[in-house]
Amino acid sequence: MWKFFHHLTSPPHYYRVGATLIPWLAIPGLALIAYGTYAGLFLASEDYQQGDAFRIIYVHVPAAYLSMLAYAFMAFGGGIGLIWRMKLAHAVGAAAAPLGAAFTFLALVTGAIWGRPMWGTWWEWGDPRLTSELILLFLYFGYMALRSSIDDTAKADKASAVLALVGVVNVVIVHYSVEWWSSLHQGQTLFKKGGPGMDADMLYPLLAMIFGFTLLFGALLARRIRTEVLFRERRTRWVRELVLAPEGGK
Amino acid sequence: MTAKLSASELTLIRGETCLFQDLGFALNPGELLLLEGQNGSGKTSLMRSIAGLLSLETGEIFWNDEPVSRQRQEFHGSLVWLAHRTGLKGDLTLVENLRFEGILRPQADVDQGAIFERLEISRLKSLPLRSLSAGQQRRVALARMLLADVPLWLMDEPFTNLDRDGRKLVVQLVEEHLEAGGMCVMAAHQDIDINATINRVAL
Amino acid sequence: MTSTNPQQPGIFAGLAAIARRDILLAWKRPGDVLNPLFFFAMVCTLFPLAVGPSAEQLIFSGPGVLWVAALLATLLSLNTLFMSDHEDGSLDQMLVSPQPLPVLALGKTLAHWLISGLPLVLISPLLALTYRMPGDVVGVLMLTLLLGTICLSLLGSIGAALTVGLHTGTALLSLLILPLAMPVLLLGANTVSLAAGNDIYATGIWALGAYAVAALSLAPYATAAALRISSE
């Protein structure tokens, strides 16, 4: 059983499986995003308070959710890599970080665009979610900076895994402390807890977008891990054989 | 495997280079393990691996037939390491340095003064180590080694910076330690003349 | 030699010994202790010069400025936490010691707090007075800084351990530590602001205390793991 698992997570095996995995994630993901975009823009009815401006949630919410999911992947991968010394797990962390940072940035930008008509300003410090998201972006930057400043891959893997694990504890604390802080300053949030529920025609596109984004994230992650694996194993025989193969390494 | 300290199939990869592959050795009380090789051949890395500081690609180091990784504390309580960098604080005096060292590992019940006398450092006791010569600092590091009550000595290039008397003294100290049933792992790039059972590892 | 069963010094002896050694080292090089304090005072001086001396503004921004300055000063002193130990090889000696590494890391962090965090707390009233902070609020400030600097020293020791031997300077350390330290800053500064506004501020104190306890019990393990990784 353990041996089987070990084989499954061996870099060459992942490299092959990953290739078949990517289209299975990417195609449904893109289809869901296409449906979600169309339905979100044309089928969903206007919000009675926010007008058309609310439609940005179809990008903002999935991006914000993935910014956290990617961090969880990073920390989880790092933890597994540290405990079981599994190389593939570290590659997951390395691959997830830039994706997570990109989604965090997207969530921040869409949040700011949304804030403009809502608050009349691009940035509102009083919003706890945006502030937490900004701190999360800095956590990603720290992770990537640490990784890139250590030359030895094995060492960089372990050091950044420790940082990701410390960070994941911290993300929770950041969330609550920022919420406390904004409650002191009469913070305004875009989503109010216990507010009016969403209509089905607004909700379904959102769900489609969330699932679509997640699948797309999975596809991008799988692809980045493949690249990462190829780079890390560049000295091994299987990569050399792959590259020197007649088809040029498909 | 019945040796006190042994290793098999050690492979260490640092960055892009493989420093050693499928390396093994065995060491018993009273024996000296000599790591031979040129500069950059991986002697220090092997020493650091034995000390448990580097994670090996493959292989395992055994102490009392038990993997070191599973009894780190016990293993570290049985060794003292004379490294290339002495690990002594230049701002502190000899006595202050050694007092701290006493907390780090088990100490032998010996006459400190006699050891200082033998190493010819007793008159330097109250000076900050910074003001001592490199050779004198090495002697302080040797004093730390003698004060520790441990069977295993790890010595990385122990003759560096020492004068002829100092080198002779190191040989004597090692011979005495081995005669008393101790063990020594030594990395050296030159030939040494020690009267003991020597196991060699060529890198 | 091998037949005797050597007595290993206990872990509290190890904790105390390493803390004592670091304090002794700091005593012999007082500049390392004083520079962050001067930096702290300096940043607090910069602010009124930049925004003007109006009493209202100083009272309003005092807690925040003092806290940010304290955070930056702590960060400045953290860079050297493991640096000299790494350079002279004594870190390696600690790693091959039978003393548990988290205990040694905690001892070093404790010494760091005693020589950089505590003095900061002690001179903070002086600077708080220039910001026209009333006496009872100064008490709250000192309490939050006392708990906060403990948290910062512990968090910072993880970052210092991760970056030891990298020669990247304070910039990388700041990038790693500042996002982690943000909740501490946020709790500390806002608790003082609440106290200044005659609001209930106990929540912040409890939260900081909880943070300090959690950091005290977890950070040494992370620091020890980071030190082993950095020394490979």
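**Finding our way around**

Student: Let's start with chain B. What is the order of the five strands in the open sheet there?
Tutor: The order is E6-E7-E8-E3-E9 in chain B, and the pairing is parallel. Keep in mind that this is a predicted model.

Student: Which strands stand at the edges?
Tutor: Strand E6 (79-82) and strand E9 (197-202) of chain B. Each has a single partner strand, so one side of each has no neighbour in the sheet.

Student: And how many degrees is the twist from one strand to the next?
Tutor: It averages 15 degrees.

Student: Give me one pair to look at. How many bridges join E7 and E8 of chain B?
Tutor: Five bridges, in the parallel sense. Strand E7 covers residues 152-156 and strand E8 covers residues 183-188. For a single spot, take Asp156(B): its bridge partner in E8(B) is Ala187(B).

Student: Which strands of this sheet does H1(B) touch?
Tutor: H1(B) packs on the sheet and touches strand E3 (31-36), E7 and E8 of chain B. The direction of H1(B) makes about 155 degrees with that of E8(B).

Student: Now the open sheet of four strands in chain B. What's its order?
Tutor: E2-E1-E4-E5, with antiparallel pairing. The edge strands are strand E2 (17-27) and strand E5 (66-67) of chain B, and each pairs on one side only.

Student: What holds paired strands together in general?
Tutor: Strands of a sheet pair through backbone hydrogen bonds, either parallel or antiparallel.

Student: Back to our example. Over how many bridges do E1 and E4 of chain B pair?
Tutor: Five, in the antiparallel sense. Strand E1 is residues 5-14 and strand E4 is residues 58-63. Within that pair, Ser8(B) stands opposite Glu60(B) in E4(B).

Student: Where does helix H1 of chain B come in here?
Tutor: Helix H1 (residues 43-50) packs on this sheet, touching E1, E2 and E4 of chain B. Its direction makes about 125 degrees with that of E1(B).

Student: Let's pick a residue. Where is Arg48(B) found?
Tutor: In helix H1 of chain B.

Student: Is Arg48(B) buried or exposed?
Tutor: Buried. Arg48(B) has 22 C-beta neighbours inside 10 Å, and the cut-off for buried is 20 or more.

Student: What is Arg48(B) in contact with?
Tutor: Leaving aside neighbours within four places in sequence, Leu53(B) and Leu54(B). As for Gly113(B), Arg48(B) and Gly113(B) are 65 residues apart in sequence and 31 Å apart in space, C-alpha to C-alpha.

Student: New topic. How many residues of chain B are in contact with chain C?
Tutor: 31 residues of chain B, in contact with 28 residues of chain C.

Student: Which elements of chain B supply at least two residues each?
Tutor: Helix H2 (72-76), E6 and helix H3 (94-104) of chain B. The largest share, four residues, comes from H3(B).

Student: How does that side of chain B divide by class?
Tutor: It has 15 nonpolar, 10 polar and six charged residues.

Student: Over to chain C, then. Where is Ile177(C)?
Tutor: In helix H8 (residues 169-196) of chain C. Ile177(C) is buried, with 25 other C-beta atoms within 10 Å.

Student: What does Ile177(C) touch?
Tutor: Not counting residues up to four places away in sequence, Leu75(C), Leu155(C), Gly156(C) and Gly159(C). Ile177(C) and Leu155(C) are 22 residues apart in sequence and 7.1 Å apart in space, C-alpha to C-alpha.

Student: Last stop, chain A. How many helices and strands?
Tutor: Eight helices and zero strands. Of the 250 residues of chain A, 39% count as buried.

Student: How do helices H5 and H6 of chain A pack?
Tutor: At an angle of about 165 degrees, with their axes 10 Å apart. H5(A) and H6(A) are therefore roughly antiparallel to each other, and their crossing is right-handed.

Student: Which residues make that contact?
Tutor: Among them are Ile135(A) and Leu139(A) of H5(A), and Leu163(A) and Val171(A) of H6(A). By class, the contact divides into 13 nonpolar, seven polar and two charged residues.

Note on methods
Residues numbered from 1 in each chain as written. Chains lettered and ligands numbered in written order. Predicted model: local features only at pLDDT ≥ 70, side-chain atom pairs only at ≥ 80, totals over all residues. Pairing = 2+ DSSP bridges. Contact = placed C-beta atoms within 7 Å. Axes fitted to C-alpha atoms, helices over the stretch in contact; angles between N-to-C directions. Parallel < 35°, antiparallel > 145°, perpendicular 65-115°, else oblique. Left-handed = near helix turned anticlockwise from the far one by under 90°. Nonpolar A, V, L, I, M, F, W, Y, C, P; charged D, E, K, R; others polar. Buried ≥ 20, exposed ≤ 12 C-beta atoms within 10 Å, placed from the backbone.
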